[in-house]
Amino acid sequence: MLRLGDIVENVLSYTPNANTDFIRKAYIFSAKVHQGQLRLSGAPYLSHPLEVSGILSELKLDVTSIVVGLLHDTVEDTLTTLDEIERLFGKETSFLVDGVTKISQITFDNIEERAAENIRKMLFAMAKDIRVILIKLADRLHNMRTLEYVPKKKQIRIAKETREIYAPLANRLGMGRLRCELEDLSFKYLEPENFVTIEKKVAQSRKQRLEFIENTKQIVKTELKKTDIPADVTGRTKHYQGIYQKMQRKGVPFEEIFDLLAIRVITDTVQNCYGTLGIVHSMWTPIPGEFNDYVAMPKPNMYQSLHTTVIGPEGKPLEVQIRTREMHRIAEQGIAAHWRYKKKGKLDEKYDEKFEWLQQLLEWQQNLKDPREFLRSIKTDLFPDEVYVFTPQGEVKCFPKGATPIDFAYRIHTDIGHHCVGAKINGKIVPLKYQLKNGDIVNIITLTSHAPSPDWLKIVKTSRAINRVRHWVKVEQRQRSIALGKEICEKEFRKSSLNLAKAEKAGKLLEAAGQLGFQKEDDLMAAIGYGKVSAQMIISRLKPHEDSPQAQKDSSKFKKIMKKLVIPFSNSQRVVIKGLNDLLINFAQCCNPVMGDDIIGFITRGRGVSIHRADCPNALSLTSDPERTIEVKWGSKIKGTQPVGISVLSGDRQGLLAEITEAISKTAANILTANIQTTSDKQATHKFVIEVKNLKQLNKIIKSIEQIKDVFKVERVRAA
């Protein structure tokens, strides 16, 4: 277990006048309230806050952060209160402890709401003091280091959250070393087979690799000494997750990963960085397309370095990173290297623009109420694949890979995005679906009369663009629906000898709207335009059917039309639609929902209600039109089965297919189709379409297959 003395010694190394008594006071208090508590590993609970504080001291954070590391679990896991923390350690410490404390004793409808609320709270705290997330990251890192003692189901949940949220967040904050460890630990639990494969291959080549790196370092040192460039030359090891991601992205085996062999040169000035680059390129041939200048164009997280890959000694590919000592400090510590604690967590103004993305996250999270949409937005803006482009004035803008000129336009201004009709990239006109590339100079073409198209949602990548387009579509489609609803009502009212304008003026329309569950006349008209409500439902409240032969005739016609859109209600009805009876339903083939899935309904024109899984990409795009979204749930008495697709990635061995099909048949599921493909590297992909009664049966099938030897991954796919 880490000792308090080690932490204090580390703090004094970068803050000689640190208030070490304050740290010792927090240690004694934490030891007292956690006395008798054990972690799942059997170690005293105190070991966890000590390790968290140790990580924070490695990041060279201030004394208050170290103290919070020692106290961060006292409120959640002991009888300690925030008032007590504030009384003993001050308001600043109390605020940080509250910000880091995990959400508990809160009831949510589903996992997405719990995760979204957790992240919302974290973002609010970050806005006031960035140290909250730095302490939270240290807490998560130590929990990941000891994840082996946690039950498997919980391991998967925590590792997935770490990979999807915390590691990308560490990357965005420029904390490279911490990010790499979080990614590797997540990789270990989420893809154990692939992790072990990479780990073994790295170990097998370790001795030869170290010898090669050591010889290469000496060559570089000798050449730099000739030109009087001061430099530290070290070897660099690429982390396991990074190796595997590059293998997947480039479709190459382990042996062809260029930057597995790498050295890092740390010098004193930017001028000497470029001088070193020239020397490296004069010694060895650079590989085309494998050079990145992050000194001239820093990453959004402030990372700066020169990256080049050359054909090094013995004809082996070699990556070389070149940076100054200050650049290296920032690359390792990221935002922690620039935080000014005397401002109580407020970021130095000159770095504000570097973290504009954080302000955008805070802005968007206030507007996004749907937890799934919020989580999707967060993940989109945290993931690291980025391209760098220029405005016509030479300003650098960073976008996620796959971003389009529309994303660029909305980054400049909402109105420019709304009126965007095209773009010039490097002086040439390109279509709006063009994907931005590194170094592009982007000039947006606008037209005042032009407006966004719902189709833009299929090609834009940034949360800002997605949210702006969705908002415009929502407003525009509502206006169209109101106009259509009024047009329909006017025609139907005339047939029944009624006047829409008079009914509205007399307040009868508002009264009818209230009876149907709407607050305003426009809400009622929009519902009619969308097909949720019929004009006859209003007429029946304004004028009895028997008063007008024409009304009776029209009612008869309406019933005939509705017969085409309804199905007889029975105890076996699979889905219940809130507020409506007997509407025709159909299950979307894009996601094949089964009993137990979270589902969402969408009113279609002429085909009743289409039922999608709530996480279906198509359903998520449809929610841009909320007026046509309808609340649905599974019926209480359900019969029958639904087709669902599953994909199994495995090794290629004799008898494996028989074991998989046996696992499926043991659960009483029927296999409709099966398709198996093998690859040259002794792997196989099995795709099945099976009939299941509910999600419970499907999960049982997946779990059974996962337990089969040589099965690497099982996932649900479209039933095609």
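Trainee: In which sense do strand 18 and strand 19 pair, and over how many bridges?
Mentor: In this predicted model, strand 18 (residues 670–678) and strand 19 (residues 683–692) pair in the antiparallel sense, over eight bridges.

Trainee: Which residue is the bridge partner of Asn675 in strand 19?
Mentor: Lys687 is the partner of Asn675 there.

Trainee: And what about the hairpin: how many residues are between the strands, and which one takes a positive phi?
Mentor: There are four residues between strand 18 and strand 19, and Lys682 takes a positive phi near 65 degrees.

Trainee: Stepping back, how many helices and strands does the chain have?
Mentor: The chain has 29 helices and 20 strands. Of its 720 residues, 49% count as buried. Among contacts between residues at least 6 apart in sequence, 67% join residues at least 24 apart.

Trainee: In what order do the four strands of the open sheet come?
Mentor: The order is 12-14-13-15, and the pairing in that sheet is mixed. Strand 12 (585–587) and strand 15 (629–630) are at the edges; each has a single partner strand, so one side of each has no neighbour in the sheet.

Trainee: How do strand 12 and strand 14 pair?
Mentor: Strand 12 pairs with strand 14 (residues 609–613) in the parallel sense, over three bridges. Phe587 stands opposite Ile611 of strand 14.

Trainee: Changing topic, which residues have the most contacts inside the largest nonpolar core?
Mentor: Ile23, Leu137, Leu173 and Leu182 do, in a core of 52 residues. Helix 9 (residues 131–145) gives the largest share of this core, with eight residues.

Trainee: What is Leu137 in contact with, leaving aside neighbours within four places in sequence?
Mentor: On that count, Leu137 is in contact with Tyr166, Ala170, Leu173, Met175, Leu178 and Leu182. Another core, of 24 residues, lies apart from the largest one; among its residues are Ile406, Phe408, Leu436 and Ile444.

Trainee: Now helix 1. Which of its residues are buried?
Mentor: In helix 1 (residues 4–14), the buried residues are Leu4, Ile7, Val8 and Val11. They are on the same side of helix 1, because they cover an arc of only 95 degrees around the axis.

Trainee: What do those buried residues pack against?
Mentor: The buried residues of helix 1 pack against helix 2 (20–33), helix 3 (47–58) and helix 4 (63–71). Glu9 and Ser13 are exposed, on the face of helix 1 turned away from its buried side.

Trainee: Next, Arg323. Is Arg323 buried or exposed?
Mentor: Arg323 has 1% relative accessibility, so Arg323 counts as buried. Arg323 lies in strand 5 (residues 317–324).

Trainee: Which side chain does the side chain of Arg323 join in a polar contact?
Mentor: That of Gln321, at 3.0 Å. Leaving aside neighbours within four places in sequence, the contacts of Arg323 include Arg264, Thr267, Tyr303, Gln304 and His328.

Trainee: And His418, where is that found?
Mentor: His418 is in helix 20 (residues 414–418). The relative accessible area of His418 is 15%, and buried means under 20%, so His418 is buried.

Trainee: What does the side chain of His418 make a polar contact with?
Mentor: The partner is the side chain of Tyr410, at 2.8 Å. Leaving aside neighbours within four places in sequence, the residues in contact with His418 include Tyr410, His450, Ala451, Trp456 and Trp472.

Trainee: How many residues apart along the chain are His418 and Ala451?
Mentor: They are 33 residues apart along the chain, and the C-alpha atoms of His418 and Ala451 are separated by 5.4 Å.

Trainee: What about Met297: where is its place?
Mentor: Met297 is in the loop between strand 3 (285–293) and strand 4 (306–311). Met297 counts as partly exposed, at 22% relative accessibility. Tyr388, Phe390 and Val396 are in contact with Met297, leaving aside neighbours within four places in sequence. Met297 and Val389 are 92 residues apart in sequence and 9.8 Å apart in space, C-alpha to C-alpha.

Technical notes. Residues are numbered from 1 along each chain as its sequence is written. This is a predicted model: local features need pLDDT of at least 70, side-chain atom pairs count only at pLDDT 80 or more; totals for chains, interfaces and linings use all residues. Side-chain values use heavy atoms; hydrogens and water are left out. Two strands pair if DSSP finds at least two bridges between them. Helices (H or I, at least four residues) and strands (E, at least two) are DSSP runs, numbered from the N terminus. A nonpolar core is a set of buried Ala, Val, Leu, Ile, Met, Phe, Trp, Tyr and Cys residues joined through side-chain atoms within 4.5 Å. Buried means under 20% relative accessible area, exposed over 50%, partly exposed in between (1.4 Å probe, protein chains only). Contact means heavy atoms within 4.5 Å. A polar contact is a pair of N or O atoms within 3.5 Å; within protein, one must be able to donate a hydrogen and the other to accept it, and residues adjacent in sequence count only if both atoms are side-chain atoms. The arc is that of the directions from the helix axis to the C-beta atoms.
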